[in-house]
Amino acid sequence: MAPVFERAVVVGAGLAALRGAEAMREAGFAGPLTIVGAEPCRPYDRPPLSKHVLAGTVPAEATTLPSALGPDVDWRLGSPAVSLDRVGRTVRLADGRTLPYDRLLIATGTRARPWPNPHEGRLAGVFTLRGRDDAAALRRALAARPKRVLVIGGGFIGCEVASLCRQLGLPVTLVEPGPTPLARVLGRTVGAFIGAIHAGHGVEMRCGAEVEWLEDADGRLVRAHLVDGTRIDADVAVVALGAVRNTEWLDGSGLSSDPGGIDCDGAGYVLDADGRPDRHIAAAGDVARFPHPLYDDRRVVLEHWSQAVAQGIHAGRLLVGATPERPYGELPTFWSTQGKLVVKSAGLTEGADAVAITQGDPAAGRFVALYGREGRCIAAVAVDSARWLPAHADLVAARAPFPPGGTATDRPKGVAVFEPGFA
Amino acid sequence: MSTPADASSGSRPGLRVSVDLNLCQAYAQCCYAAPRHFRIEGHEALFYDPAPAAEHRADIERARVACPVQAIRVEDPGQDA
Ligand SMILES: Cc1cc2nc3c(=O)[nH]c(=O)nc-3n(C[C@H](O)[C@H](O)[C@H](O)COP(=O)(O)OP(=O)(O)OC[C@H]3O[C@@H](n4cnc5c(N)ncnc54)[C@H](O)[C@@H]3O)c2cc1C
Ligand code: SF4
């Protein structure tokens, strides 16, 4: 256990930071604890932002996360960390103050990847979605009943926003350069099944298409021009092109970090440019890149809520002296609520060479897809079939043989195996 | 369904609720325990009120305890530590 006179600093005030700080206190750390956040508010929950906040059922400010922290925490909110000095063991903030640390948790997460043309990205009617303010602003725009919403990018957030617009009765077009929505994460086969469900609810799908530029009238978005020469009239555009990790403040610290994340070892300590762990610093959440034991120690960054929680707790305990029995290696899990459709996953699909439909029927809109690689189960995706996921997650965690025998209880023999359709 | 705006109208600070929707199996026990704050949309999409007013504390607590997978987390900032 870390002695009480040691100072712990957490940089980032999101989900991973909060759960990490709680874990330090739960593990008995009673020393000074400071949490630094760029945003002026206490940690809040992001998943509701693209769902019920946009729907108008929950105000953006209502998403503050429940916390077990007491008053013995020094919150420094509204001024980001701008640099890290590992020799002097200090963190410098934008307001000029310097915080000494003995233990440092890095949990600065990500930000939305902006539209590549900054002028067009700033037009009235053009939005990205990462923070509370983004969600509140987009909600106001949707409440004003735009004539058409354009969603740029068919990843999870793009699909959530597009299906939510349909729930609100708004015309929406989703433009995705890939062959289907979600193709990068789930492959073309499952992406097409889910895309068909959204198309059935009236989302106009433009896959294999790319927005070239955004046209405005007096600074307001009026239409998008596609590379193929077609145009889409829209007064609201949501740019959903993924995320960029907040690692710039680590430049010059000697740590191994880039826009793809900050590198950690199997225990959770950050690595310096020579690959040596710095045992005063750990990282967690969307910003952390680490070797995953379930996937042959391939280095991964996971933008998953469950990962922020589990890795935050792991890193908090690690920093205050708990010795982990084994490397951090939680089974990755994720959910996405797209309109009323629930997509849940366990494991990582990357490298899959086959996918089997083991439960339900894609045509009926409810099914489980199990992904295999070299004869082993590596991931499972449940679409409106959450109750089947835990049994499949067990197969993935055990690296069970693929295709599995006997998982399908609703079909007499065998499972249909497809090409997953990764590029 | 009470709206989270309730939270600011009472004299006590409102509650904070989050649900781990990875764990949630849409068993809907929380919806029976606190129907004003939890409901299932479609087949299995759980909607919950992240900021219920403090006066609903008993309902929320009932929902938290009822959840078979302990997916519901509640903080009552008005409660004396
Ligand atoms: C709209 C939306 C919907 C989502 N829906 C789902 C979902 O349905 N299911 C799911 O599993 N996941 C979902 N996610 C992902 C999930 O929210 C993230 O995985 C999670 O928030 C990661 O937590 P984090 O603490 O690592 O990072 P963040 O939540 O990004 O927190 C990092 C914090 O650090 C702060 N910060 C950044 N730089 C600095 C700095 N230099 N100094 C100080 N502070 C700094 C930021 O302001 C931020 O508050 C969603 C994300 C978004 C944006
Ligand atoms: S009781 Fe628990 S598992 Fe069931 S719907 Fe509510 S949160 Fe989900």
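For the counts that follow, Ala, Val, Leu, Ile, Met, Phe, Trp, Tyr, Cys and Pro are taken as nonpolar, Asp, Glu, Lys and Arg as charged, and the others, with Gly among them, as polar.

Good morning. The structure before you is a predicted model.

Let me begin with the empty space. Rolling a probe the size of a water molecule over the atoms shows where such space is left. Over the whole structure, the search returns four cavities of 30 Å³ or more.

Which residues lie nearest the centre of the largest cavity? They are P48(A), K51(A), H52(A), L21(B) and Y48(B), out of 15 lining residues. Strand 3 of chain B contributes the most, with three residues. By residue class, the lining of the largest cavity comprises 11 nonpolar, two polar and two charged residues.

I turn to the second largest cavity, whose volume is about 90 Å³. Its lining consists of 14 residues, and those closest to the centre are C24(B), Y27(B), A28(B), C30(B) and C67(B). In this lining, 12 residues are nonpolar, two are polar and none is charged.

What sits in the second largest cavity? Ligand 2 does. Around ligand 2 there are 13 residues, and C24(B), Y27(B), A28(B), C30(B) and C67(B) come nearest to the ligand. The shell around ligand 2 divides into 11 nonpolar and two polar residues, with no charged residue.

My last topic is the sheet. In general, the strands of a sheet pair through backbone hydrogen bonds, either parallel or antiparallel. In chain A, four strands form an open sheet with mixed pairing, in the order 18-19-22-23. Why is one side of strand 18 and of strand 23 left without a neighbour in the sheet? Strand 18 (257-258) and strand 23 (298-300) of chain A stand at the edges and have a single partner strand each, so one side of each has no neighbour there.

Further inside the order, strand 19 of chain A, residues 261-263, pairs with strand 22 of chain A, residues 288-292. The sense of this pairing is parallel, and it runs over two bridges. Within strand 22 of chain A, A288(A) is the bridge partner of I262(A).

Thank you for your attention.

Key:
Residues are numbered from 1 along each chain as its sequence is written. Chains are lettered from A and ligands numbered from 1 in the order in which they are written. This is a predicted model: local features need pLDDT of at least 70, side-chain atom pairs count only at pLDDT 80 or more; totals for chains, interfaces and linings use all residues. Side-chain values use heavy atoms; hydrogens and water are left out. On a 1 Å grid over the protein atoms alone, a cavity is a set of points where a 1.4 Å probe fits but cannot get out, and a pocket is an open set with protein on both sides within 12 Å along at least five of seven lines; lining residues have an atom within 4 Å of a point. Grid points are joined across faces, edges and corners, and a volume is the space filled by probe spheres set on the points. A residue is near a molecule or strand if one of its heavy atoms lies within 4 Å of it. A molecule sits in a cavity or pocket if more than half of its atoms lie within 2 Å of its grid points. Two strands pair if DSSP finds at least two bridges between them.
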